[in-house]
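Hi everyone, thanks for making time. I'd like to walk you through one model this morning, so let me put it up on the screen.

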Amino acid sequence: MGNSVSLYLLSVLGLLFQPETKEVGQNIYVVLAVTLIVWLGVFFFLLYLDRQLKQVKDKIDWENE
Amino acid sequence: MNPRKYGLEESVWTLLVKSNIIFQKDFHLEFRTRYAINAIILFAVISLTAVSFSVGPIQLEPPIQSAMLWVIIFFSAMSGLSHIFVREEEQQTSDTLRLVAPPTAIFLGKWGFNVVLLFSLEIIIIPLYIALLNVEVQGMSAFLLIIVLGSVGLASIGTIMAAIVAQASTRGALFAVLSFPLSIPVLRSAIQGTWTAIQGGGVAQCLADIQLLFSFTVVILTSSILLFEFIWRK
Amino acid sequence: MRRDWWKWFLGIWMTLMILGAFLYTPVAKGLGETTRVLYFHVPAAWVATLSFLISAVYSIRYLQKQQIQYDVWAASSAQIGFIFTILATVTGSIWAKEIWHSYWNWDPRETSIFVLLLIYAAYFALRSAIEDTNQKARLAAVYSILAFVTVPFLVFVIPRIYDSLHPDPLINPEVKIKMDPRMLRVFLGSLFGFTLLFYWMLRIKTDIEFLKLKLTKRM
């Protein structure tokens, strides 16, 4: 599943580029990271679905010819 | 049709008789080849030795002692419990079995065999465990009760998962992968209960764990009996 | 195009919710700015649980009716649920680093989402190990139901082991909503939006699977 792999890479990136702050709970970047990860995850899944759909469509076209 | 002849009591009785026949068959087959029993007991002894050897002279705390015991029992169960259904597929005897007995009887018979297999493993492993790791069990009755209930629970999950795995292509690894998530409630409450029992807790102190083990086993067994027909039918 | 109006509505709705999460809502005491995680992390976890439930329901329907479309629904739902489980786990872990100073410390919520991940992984491992379509559907359905039966016990067992530090937005012993009304509005809105998004994804996924089935039948 290439999709899971990309999700995994994404999460690793998210964990690596997390800025450090001293104050607890004042890090707006955490919120940003969470939001981005959720949206990118959904986006990549939709891309994956789109690719699957295209494959099926191509197959149907090929069959009709 | 005479309703009394096919009444509930009658059918339960015939079911039990048939389950017993399946159990006897598996028992005799197993003790002729001793494949599963050798595998499971040797595996348990080796993992027990590994634990004891790596710990060395250090005296473990009760929580770690009980966790180690259940880890050994769990992995031994994973090494041997799937054999009961896998053998039927490997020797191509499952189709004959489908003809001669109802699914529920087959499941109960195989379940009984797995319970006996796990018990005979524990009869060997637990005295060794107590001796090698220098465990002082203060609440013996609660300890034994939890071991018995926990093994029945593990055997129930193992039996239904074995039935599933026997139909799949990659059997060995898949069995543990499928069984582990379902075994977590059993393992967790058994570890908790064993810990309490080692420290001298009686049945009353372990009651929550015992209740959970018992109810979970009953739920898994009933749903397994209901669902087994779907696995078994071709 | 008219039938798709709700997709446009969903786009606008989710944009509003994101704006609301960052601009409209106040922050909770002790959590600071990270309160805003609530509007994205909790709905993802909710969708993960919901898809597990839907997968189990369709598994039961499959065993009753033995029609392959129920299996397609169950498997598709599980796949989308798996994605959302990963999302909820990762985002929760990042949040935990900020608040609890560790990515993973086996908090009850972390344990239960981890078990959910394991169950999904086992489900897919089982599906990939069987060739025959009907047999795959049957065994996967049985496993899904058995896993579903186990979940209530996990909910009971896991909190007894460790104390939870996880904030309770809605699920707490007193069953009271301890939220600012503005927060609640955005939270419920986001929950609704995510559920709709899940429904959309599920429809696309199942349509693709049905097309694939038709193709294999024609060949």
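Let's begin where α2(A) passes α2(C), in a left-handed crossing. Before I go on, please keep in mind that this is a predicted model.

So who is involved in that crossing? On one side we have helix α2 of chain A, residues 28-64, and on the other helix α2 of chain C, residues 38-65. Two packed helices are described by the angle between their axes and the distance between the axes. Here the angle is about 40 degrees, and the axes are 9 Å apart. Angles under 35 degrees would count as roughly parallel, and α2(A) and α2(C) are therefore oblique to each other.

Which residues meet there? From α2(A) we have A:Val34, A:Thr35 and A:Val38, and they face C:Phe40, C:His41 and C:Ala44 from α2(C). By class, this contact of α2(A) with α2(C) has four nonpolar residues, two polar and no charged.

Now let's step back to the whole contact between these chains. Chain A gives 27 residues and chain C gives 29. On the chain C side, α2, α3 and α6 (181-218) each supply at least two residues. The largest share of that side comes from α3(C), with 10 residues. Sorted by class, the side of chain C that touches chain A holds 17 nonpolar, five polar and seven charged residues.

Since α3(C) came up, let's stay with it for a moment. Is α3(C) largely enclosed or left open? It is largely enclosed by the rest of the structure, because 27 of its 33 residues are buried. The length of α3(C) also agrees with expectation: at 1.5 Å a residue it should span 48 Å, and its end C-alpha atoms are 46 Å apart.

C:His101 is not a glycine, and it sits in the loop between α3 (68-100) and α4 (108-128) of chain C. C:His101 counts as exposed, because it has 9 C-beta neighbours inside 10 Å.

You'll find B:Gln92 in the loop between α4 (83-90) and α5 (94-100) of chain B. With 8 other C-beta atoms within 10 Å, B:Gln92 is exposed.

That's my tour, and I'm happy to take questions.

Conventions: Residues numbered from 1 in each chain as written. Chains lettered and ligands numbered in written order. Predicted model: local features only at pLDDT ≥ 70, side-chain atom pairs only at ≥ 80, totals over all residues. Helix = DSSP H or I, 4+ residues; strand = E, 2+ residues; numbered from the N terminus. Buried ≥ 20, exposed ≤ 12 C-beta atoms within 10 Å, placed from the backbone. Axes fitted to C-alpha atoms, helices over the stretch in contact; angles between N-to-C directions. Parallel < 35°, antiparallel > 145°, perpendicular 65-115°, else oblique. Left-handed = near helix turned anticlockwise from the far one by under 90°. Contact = placed C-beta atoms within 7 Å. Nonpolar A, V, L, I, M, F, W, Y, C, P; charged D, E, K, R; others polar. Expected span 1.5 Å × (residues − 1).
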